[in-house]
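Let's take a friendly walk through this fold together. Please keep the view open while you read.

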Amino acid sequence: MIMGTIQTTITQRQTFMGEKKLYANIVSYSNINSKKLIDYMVANSGINKSTAIAAVYALRSILRNYLCNGHTVQIPQLGTFSLYCSAKAQADKKDVKASTVKRLKIRFTPEATISNAVKSVKFKGIVNPDDTLDVITA
């Protein structure tokens, strides 16, 4: 079963060696903001708007509170959120400090059903080799 179709385009990027390469890229239509998310929840889940707003607020609070305190958060039928860091390597144990952490990032590992759904997405719009390329430079 196909879960969706993603429109693609071609972008041109320059490599570290200065060579120009062409890549297939996903066309992003829009960002789904809080209002659209809540409206979708109300229209498709049978809950009222105040319940949807409270659920989104609670989920945001849970993620912020638990992730910022070092916990891994597993959300049923969605996936797992956790923090990871990149840090400057040190030669000696005594030099490893919190100040050597460069940045924290959030890792999301989707549940298998979501991963499988993504694998079933069809791509539409990659230009045939005989067609003129409409290249977007990035």
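The model is a predicted one, in which local features need pLDDT of at least 70 and side-chain atom pairs count only at pLDDT 80 or more, while totals for chains, interfaces and linings use all residues. Numbering starts from 1 along each chain as its sequence is written, and side-chain values use heavy atoms, with hydrogens and water left out.

**Overall layout**

The chain holds three helices and seven strands. Here helices (H or I, at least four residues) and strands (E, at least two) are DSSP runs, numbered from the N terminus. Read from that end, the order of elements is β-β-α-α-β-β-β-α-β-β. Contact means heavy atoms within 4.5 Å; among contacts with a separation of 6 or more, 40% come from residues 24 or more positions apart.

**Strand pairings**

Two strands pair if DSSP finds at least two bridges between them.

| Strands | Bridges | Sense |
|---|---|---|
| E1 (residues 5–14) and E2 (residues 20–26) | seven bridges | antiparallel |
| E3 and E4 (residues 79–87) | three bridges | antiparallel |
| E1 and E6 (residues 122–124) | three bridges | parallel |

E1 and E2 make a hairpin with five residues between them, and glycine 18 in the turn has a positive phi of about 90°. Towards E6, isoleucine 6 stands opposite phenylalanine 123.

**The open sheet and its helix**

E3, E4 and E5 form an open sheet in that order, with antiparallel pairing. Strands E3 (73–75) and E5 (101–110) are its edges, each pairing on one side only. From one strand to the next, the twist averages 25°. Isoleucine 75 has glycine 79 in E4 as its bridge partner.

Helix H2 (residues 49–67) lies across E3, E4 and E5 and runs at about 155° to E3. Such angles run from 0 to 180 degrees between N-to-C directions, with axes fitted as lines to C-alpha atoms, for helices over the stretch in contact.

**Arginine 107**

Arginine 107 sits in strand E5. Apart from neighbours within four places in sequence, arginine 107 contacts Thr80, Phe81, Ser82 and Tyr84. Tyrosine 84 is 23 residues away from arginine 107 in sequence, with 6.8 Å between their C-alpha atoms.

**How H1 meets H2**

Two packed helices are described by the angle between their axes and the distance between the axes. For helix H1 (residues 34–45) and H2, the angle is about 125° and the axes are 9 Å apart. The two helices are therefore oblique to each other: angles under 35 degrees count as roughly parallel, over 145 as roughly antiparallel, 65 to 115 as roughly perpendicular and the rest as oblique.

Leu37, Ile38, Asp39, Met41 and Val42 of H1 meet Lys49, Ala52, Ile53, Ala55 and Val56 of H2. By class, this contact of H1 with H2 has eight nonpolar, no polar and two charged residues, where Ala, Val, Leu, Ile, Met, Phe, Trp, Tyr, Cys and Pro count as nonpolar, Asp, Glu, Lys and Arg as charged, and the others, Gly among them, as polar.
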